[in-house]
Amino acid sequence: HMKGAIFDLDGVIVDTAKYHFLAWRELAAQLGFEFTEQDNERLKGVSRMESLRILLEVGGLELPEEEQQKLAESKNAKYVEYISKLEQSELLPGVREYLTGLREQGVKIALGSASKNAAFILERLGIAGLFDAVVDGTKVSKAKPDPEVFLTACRELGLAPQECIVFEDAAAGVAAAKAAGTGIVGIGRPEVLGEADQVVAGIFELLADSQ
Ligand code: G6P
Ligand code: MG
């Protein structure tokens, strides 16, 4: 019986991956190399600085720490420009209905994301009020697959991990939830998310079960 539901942000609630991609690609172009959508797959669920490290590896560049900080800031400025225009219609199908339904059943809801822009994105999407706790990149330091983000979310909800279910689209996130000891619903393809208890294509598939 689920008492708490913890949602990853990107790929579960909203497709911000495309904006991360556009911003990283612009940065790569400035640095003089190409960054493809396939390269971008490696950045999903990965923190900002680790993403930059991978991007620089793709471009075959080695830069001093100070320069890396500046590049990460510049990428984030581009990204923030994109998400400032996020529309409520970009909420992935079924998300608002599913979260509202859970609340009606008394299930507590948390966000568990690596993003430092998470609170801003929830506001833009008009769903901030549906969350009892928001655990994001401003609160935790260890990236998924470390369980810190989900353990913190359980604690903020006042629940044990065994009472919570994590909804995740990235393999690193599924591994983090496993390590935390929560239940796991994988969002996406079973080939990538095989460790989850259940895999669905999107939150919309869960709507029928919850009514
Ligand atoms: C999520 C996304 C990653 C992103 C990370 C940090 O995990 O899947 O692609 O790099 O958040 O996001 P931020 O908004 O703090 O740069
Ligand atoms: Mg994700």
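**Around the ligand**

Modeller: To start, the shell around ligand 1 holds three nonpolar, nine polar and four charged residues. Here Ala, Val, Leu, Ile, Met, Phe, Trp, Tyr, Cys and Pro count as nonpolar, Asp, Glu, Lys and Arg as charged, and the others, Gly among them, as polar. The model is predicted, so local features need pLDDT of at least 70 and side-chain atom pairs count only at pLDDT 80 or more, while totals for chains, interfaces and linings use all residues. Residues are numbered from 1 along each chain as its sequence is written, and chains are lettered from A and ligands numbered from 1 in the order in which they are written.

Biologist: Which residues come nearest to ligand 1?
Modeller: A residue is near a molecule if its C-beta atom, placed from the backbone, lies within 6 Å of it. There are 16 residues around ligand 1, and those that come nearest are Arg48, Ala114, Ser115, Lys116 and Asn117.

Biologist: Are α3 and α4 roughly parallel or roughly perpendicular to each other?
Modeller: Helices are DSSP runs (H or I, at least four residues) and strands likewise (E, at least two), numbered from the N terminus. Helix α3 (residues 48-59) packs on helix α4 (residues 65-83) at about 105°, with axes 10 Å apart; axes are lines fitted to C-alpha atoms over the stretch in contact, and angles run from 0 to 180 degrees between N-to-C directions. Angles under 35 degrees count as roughly parallel, over 145 as roughly antiparallel, 65 to 115 as roughly perpendicular and the rest as oblique. The two helices α3 and α4 are therefore roughly perpendicular.

Biologist: How many residues of α7 are buried?
Modeller: A residue is buried if 20 or more other C-beta atoms, placed from the backbone, lie within 10 Å of its own, exposed if 12 or fewer, and partly exposed in between. Among the buried residues of α7 are Val149, Phe150 and Leu157. Helix α7 is mostly covered, and of its ten residues the buried ones number seven.

Biologist: Which residues does Phe150 touch?
Modeller: Two residues are in contact if their C-beta atoms, placed from the backbone, lie within 7 Å. Leaving out residues up to four places away in sequence, Phe150 touches Ile6, Gly112, Val166, Ala176, Ala177, Ala180 and Thr182.

Biologist: Is Val174 buried or exposed?
Modeller: Val174 lies in helix α8, and its contacts beyond four places in sequence include Ile184 and Leu193. Because Val174 has 28 C-beta neighbours inside 10 Å, it counts as buried.
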